Amino acid sequence: MDELIIGEITRRMRRPAYVGVCFAVFILTALCVPTSGTSLHVLAVDPTIFHQADNPTWISIGVAFVMTLVLPMIGAMTINNALSTARESGVLPFLQTSRVSRVRLLSSMFIGNLAQLLGLWLVMVISAGGMCLIRFFGVAMTPWQFIGPLTVLLPGLVVLAALALLTETLPILRGRSGSAFISLAILVTYFSETGSGRVVGLTGVSTLIATLNHSVKAVTGHAVRGVQVLGTGAVSAKGHRTLLFSGVSFNGQLWQQIAVCLALAALFVGLSCVFLERRPLKAKHRQHQAKRDNVVHGLIAGEALRLLATIPMWLKIVTMMLWVISFGVQWATVTSVMLPVLNLLAIALLVQAGWGINENKVADWLSLSSRRMYQHRSAHIVVLIAANLLLNLPVLIHFTHISWPFIIWCLAMPLLAVASGQIVGNGRLTESLVVVLWFSYLNGKTTLVPFTQVGTGAVYAGLTLIAILVIFGWNCFKVRRVAV
Amino acid sequence: MEIVFDHVTMTFGDDVAVKHFTATLNAAGVVGLIGPNGAGKSTLVRMLTTQIKPTEGDILLDGTSIVKHPDLLRTKLGYLPQQIPYYPELTARAYLHYLAAAKGLPRVATDEQIERLLGQLHLDAIHGRRLANYSGGMRQRVAIAASLLGEPQLIVCDEPTVGLDPIERASLRTLYSQLAQTRLVLMSTHIISDIESVANRILLMRQGRLCFDGKPADAISAAQGCVWEVAAPIGKALPDIPISAVKQVSAHEVIRFVADQPVIAGAEQVTPTLEDASLAILEGLVMTHG
């Protein structure tokens, strides 16, 4: 194999974070196995007709249904820095001083992305296979019945590997917006394929639905009437018929989908070659800020200034304008439009939470004195919480009395962002989670933001406590690990 | 091979990093690019290595503009940047193979060259370790090996001795001297002792301008009569003069300074070193231009 590809794959696979992600996928897959008689069910199919999750074919189709959304999301977070790490490490600028074939370089990066995604897919298959053995040891199923539903993810992963590369080369997306764009693209594609029935086949969920219908039809003579993926609540246990899922059938439409995916991937890689910078990118100088030479006294003011300096001026102006407008609009407009838009714009700030300070090893230096480190971390959190409360002030003033659930939510968001940034070491997890939250909110799951719901508020209070434990306990763990 | 800097100017906003730099490099050997921090050396190197385009002027390789045709130079260039590029997850050998493949170098010749470079730079014993576990000096040696991949005709190094211990520095000087027998090596540095013994020619920069272009010996002879030494009690207030060295000797210190006159009583004229000469030129005491 080409040394370039070997190098790319090796450097990706050896990242400690990748091992962590593989472990997370393994656990998640095990949790995605359909069960019967529990309040949280991964997959429920016509419960009045069929006995639920009573054979191993349910495992692979249940896992596939959830993972067609979850695996690309996790995968996107994992691979969406291949080129930026090459830029930041100086390797790409170094290579640009020699005559490098852009096609070879980006093709190897695409293969590196794909290898990482296939690694995650393999972990998912192993975990699902293990669950089949644990849950249904000795129960027969054909290899295709097991692996077939899981293979539908593969064409989408090929597209994702190429799309991640494209977002890192397109000037408009190669900054912070790339991860958010991919997360949004995955969500939109997944839900459009589950909703309309029109099959593009990028995620593979439409193929799973077809397989589900085909399997149900084989038993009942009609298409499926009720399906629930990742639902809660009691499921009727009246059904007594056994539903065996057939493997995915490779018909003309499926081959067409695979061809479309491969063509899209080739197109994205080709476009990446076109858009990859020909000379090293200039370091972003924020001269206007430097020239002002603001001298600030106090840690909180200094931290506020540092965080504000990370946000582009145009974004600050747009956010400020929308924020001012939000005070003058109706409650319905605030909650349905202004709140999600303002909070989506605030991603630029939240993605800095928990890790941005260490870009220049400042946090490492501060950690030489535990007091200074805690002072700085507290200032960081205070600034983020204050910013989030201020951002959501247009909502808060609409309440006739103090809305504790909403205030708790305002506290929870920056704290969770700090915790995730601290653990992952970058803002991609935060970015993806925030995008998923607001995408779900805009698609009707408004209860995710608790305006008055005490129950949801309590959940966020619990998450807040966990985040605080992570934020202040993480360094103790790191220090101990170093000592060992 | 001939490289011509033709009135090269580079500005960043209102800041002029390099102004009307004109020089011709055409013979094999080591050329030292010297100047204090902020003199414009790194900017000039970045323009020469086709990373940035000059705002004005042109850089020509054998008569063809490398600003317009950067690939012409890229095929002949070996570059050692100031910030060492590396992937921490790879071993030295894997990293060098990766870079060689990215540059499209032929496999068989590259394998042989990588083994030779690993030995030459004393990396053969540690090549199995990941670069994340290397010291700064070790990584610097890997970067030097990377810059020599593909037998480049022009080698440009930006502060090549940073992070190296004295033995490594001496060994690097020897290596570059050997390479310079058939190639052009441009070493940009502010540590004059690094190039004193190896450079055939020096280009001295101050505030973005070229203020000396010539042989080290010419710089030294130009500075004759401008370098002084005086013994003074420790802590004695001194006039505001450019001091090139202070050496403590028992109860007093020997101060070496550059000036056109012995501004401190009892100062004696001494033979200049390249460092003294550079200081004298940078301070404007010697008005010479090659």
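Tutor: A salt bridge here is a side-chain nitrogen of Lys or Arg within 4 Å of a carboxyl oxygen of Asp or Glu. In general terms, side chains of opposite charge can pair when their charged atoms come close. Some ground rules: this is a predicted model, so local features need pLDDT of at least 70 and side-chain atom pairs count only at pLDDT 80 or more, while totals for chains, interfaces and linings use all residues. Residues are numbered from 1 along each chain as its sequence is written, chains are lettered from A and ligands numbered from 1 in the order in which they are written, and side-chain values use heavy atoms, with hydrogens and water left out.

Let's start with B:Glu151, which pairs with B:Arg116, their closest N and O atoms being 3.0 Å apart. B:Glu151 sits in the loop between helix H5 (136-147) and strand S7 (154-158) of chain B, and B:Arg116 in helix H4 (residues 107-120), so this pair ties together parts that are 35 residues apart in sequence. (Helices, H or I with at least four residues, and strands, E with at least two, are DSSP runs numbered from the N terminus.)

How covered are these two? Buried means under 20% relative accessible area, exposed over 50%, and partly exposed in between, using a 1.4 Å probe and protein chains only. B:Arg116 has 41%, so put it down as partly exposed. B:Glu151 has 38% relative accessibility, so it counts as partly exposed.

B:Glu151 also forms a salt bridge with B:Arg183, and here the closest N and O atoms are 2.7 Å apart. B:Arg183 is in the loop between helix H6 (166-179) and strand S8 (184-189) of chain B, so with B:Glu151 in the loop between H5 and S7, the pair ties together parts 32 residues apart in sequence. B:Arg183 is at 12% relative accessible area, so this arginine is buried.

Next comes B:Asp194, bridged to B:Arg169 with the closest N and O atoms 3.0 Å apart. This pair links distant parts of the chain: B:Asp194 is in helix H7 (residues 193-196) and B:Arg169 in helix H6 of chain B, 25 residues apart. B:Asp194 has 1% relative accessibility, so it counts as buried. B:Arg169, at 21%, is partly exposed.

Chain A joins in too: A:Glu3, B:Arg107 and B:Asp111 are linked in a network of salt bridges.

The contact, meaning heavy atoms within 4.5 Å, takes 9 residues from domain 1 of chain B and 6 residues from domain 2 of chain B.

Last stop, helix H1 (residues 41-48) of chain B: 6 of its 8 residues are buried, so the rest of the structure largely encloses it. The buried residues are B:Lys41, B:Thr43, B:Leu44, B:Val45, B:Met47 and B:Leu48. Just after H1(B), B:Thr50 takes a positive phi of about 65 degrees.
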